[in-house]
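Dear colleague,

Please find below the structure that I am handing over to you.

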Amino acid sequence: MASSTSGSSSTAALHALRRGDVYVADDVRFAVHQEGVATGSPEPRPAIASPVDLTRREWQMLALIPHGVTTRDIAERLGISPLTARKHRENLMRKLDLHSGAELTAYAIRLGLPAG
């Protein structure tokens, strides 16, 4: 567990483990199915809605970008080719009228997507 884990989260995790249940911290639940199985393709839940309609895959890309994940790593995590991931990133930047990776990261953070 991370050192930033709150006492109540630690207690909840220990109780779940004692019962033989799976415990997933709140800040990573977006990357896990409700049954507790990791999906590899997170479903981000931004705190603020984007004014631009984005596809599911674009939301997945946007959720990983603030974590410093490269396009190649995103492709591996989402099970798509690096060229497809690059195209999704290009489309995302075009739709949002952003011109650099730093702008894209800042946009994701402004939406309230978790950064790491």
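In this predicted model, the axes of α4 and α5 come within 11 Å of each other and cross at roughly 70 degrees. Axes here are lines fitted to C-alpha atoms, for helices over the stretch in contact, and angles run from 0 to 180 degrees between N-to-C directions. Angles of 65 to 115 degrees count as roughly perpendicular, under 35 as roughly parallel, over 145 as roughly antiparallel and the rest as oblique; α4 and α5 are therefore roughly perpendicular to each other. Contact means heavy atoms within 4.5 Å, and by that criterion Arg 89, Leu 92, Met 93 and Leu 96 in α4 meet Gly 101, Leu 104 and Tyr 107 in α5.

Residues are numbered from 1 along each chain as its sequence is written, and side-chain values use heavy atoms, with hydrogens and water left out. As the model is predicted, local features need pLDDT of at least 70 and side-chain atom pairs count only at pLDDT 80 or more, while totals for chains, interfaces and linings use all residues.

As to the overall architecture, the protein has five helices and zero strands, and its pattern along the sequence is α-α-α-α-α. Helices (H or I, at least four residues) and strands (E, at least two) are DSSP runs, numbered from the N terminus. Of the 116 residues, 30% are buried; buried means under 20% relative accessible area, exposed over 50% and partly exposed in between, with a 1.4 Å probe and protein chains only. Among contacts between residues at least 6 apart in sequence, 48% join residues at least 24 apart.

On the α2 side the residues are Arg 57, Glu 58, Met 61 and Leu 62, and they meet Ala 85, His 88, Arg 89, Asn 91, Leu 92 and Lys 95 in α4.

The largest nonpolar core has 21 residues, and those with the most contacts inside it are Leu 62, Ile 74, Leu 92, Leu 96 and Leu 104. The elements giving two or more residues to this core are α2 (56-64), α3 (71-78), α4 (82-96) and α5 (101-110). A nonpolar core is a set of buried Ala, Val, Leu, Ile, Met, Phe, Trp, Tyr and Cys residues joined through side-chain atoms within 4.5 Å. Leaving aside neighbours within four places in sequence, Leu 104 is in contact with Leu 62, Ile 65, Arg 89, Leu 92, Met 93, Leu 96 and Leu 98.

In α5, the buried residues are Leu 104, Tyr 107 and Ala 108. They cover an arc of only 95 degrees around the axis, which puts them on the same side of α5; the arc is that of the directions from the helix axis to the C-beta atoms. The cover over these buried residues includes α2 and α4. On the face of α5 turned away from its buried side are the exposed residues Ala 102 and Arg 110. Gly 112, which follows α5, has a positive phi near 95 degrees.

Helix α3 has the buried residues Thr 71, Ile 74, Ala 75 and Leu 78. Their arc around the axis is only 100 degrees, which puts them on the same side of α3. These buried residues pack against α2 and α4, whereas the face turned away from the buried side carries the exposed residues Arg 72 and Glu 76. After α3 comes Gly 79, whose phi is positive, near 70 degrees.

The side chains of Thr 71 and Arg 89 are joined by a polar contact of 3.3 Å. A polar contact is a pair of N or O atoms within 3.5 Å; within protein, one must be able to donate a hydrogen and the other to accept it, and residues adjacent in sequence count only if both atoms are side-chain atoms. Gln 60, in helix α2, is buried, with a relative accessible area of 0%, and its side chain makes a polar contact of 2.8 Å with that of Arg 57. Thr 84, in helix α4, is partly exposed at 34% relative accessible area, and its side chain makes a polar contact with the side chain of Ser 81 (2.9 Å).

With kind regards
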